[in-house]
Amino acid sequence: SSTENACGLFGWLNGAKIYDLALHKTTTIGIGNTLPLYAGTIAAVATGAVELTNVAVYGNIVLTRTTTTQTMRNDVGGLIGFAQDAIKFRFCAYSGTIECTAFAAGTATTCSSNDIHSAGGFLGRASGSITADGCYINADFKMHNGGINIGGVAGNIFNTANISDKISNTILKLHASVDGVTNSPDIYYISGRFTTCTATVSNVYVTKKSGGNNFSSFYRAAC
């Protein structure tokens, strides 16, 4: 458990290449109120050109608020919390649950959109190009309020229009359950928020597990 603003096996990857890694664990993270949180099982933050090849994670991420008020927006991904630059996934997998619970001063409360702003199967948030090829994502998103960006690959992609994202030969098996909704969540197969206009999606197979909230389409396009 941690209340740091960067939580993962690696706090920060800079231009790293990771090969042939498998993890099986559940991570519980305490959400404070002083710094935004980036959380992922492999890394909290990735900068520079990062590549993951044959990396598989089987496990859950549970974020628990530790203060009575929460104003910082947090990004959580099955593998990486926030990718600032170009990132590539080849033959990677994530299988698990990403969940937000709130226990302020020992009392169960409702998570807000500030507790988790963006949640994704591989990435919470990305500002560089994303390439995913030959990957598998089996993600169950359990949130307890709305106003959240939820995406099978990334919760929020806000890169510029001259960057191209490529998602290919990938299987998505997804489920999202959002209760206590005060603002409708943005739930999409690839990204809950998408502010680039150049993307290639090919041979992506989607299975929505029964029940829960509806997935609208591949992207919520903002351009």
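Is D75 buried or exposed, and what is its relative accessible area? D75 is buried, with a relative accessible area of 3%, where buried stands for under 20%, exposed for over 50% and partly exposed for values in between (1.4 Å probe, protein chains only). The model is a predicted one, in which local features need pLDDT of at least 70 and side-chain atom pairs count only at pLDDT 80 or more, while totals for chains, interfaces and linings use all residues. Residues are numbered from 1 along each chain as its sequence is written, and side-chain values use heavy atoms, with hydrogens and water left out.

The count of salt bridges, defined by a side-chain nitrogen of Lys or Arg within 4 Å of a carboxyl oxygen of Asp or Glu, comes to 1. This salt bridge joins the side chains of D75 and R125, at 2.7 Å from N to O. Because D75 belongs to strand β9 (residues 75-77) and R125 to strand β15 (residues 123-126), the pair ties together parts that are 50 residues apart in sequence; strands are DSSP runs (E, at least two residues) numbered from the N terminus. R125 likewise counts as buried, at 16% relative accessibility.

Most residues other than glycine have a negative phi.

Notes: Helices (H or I, at least four residues) and strands (E, at least two) are DSSP runs, numbered from the N terminus.
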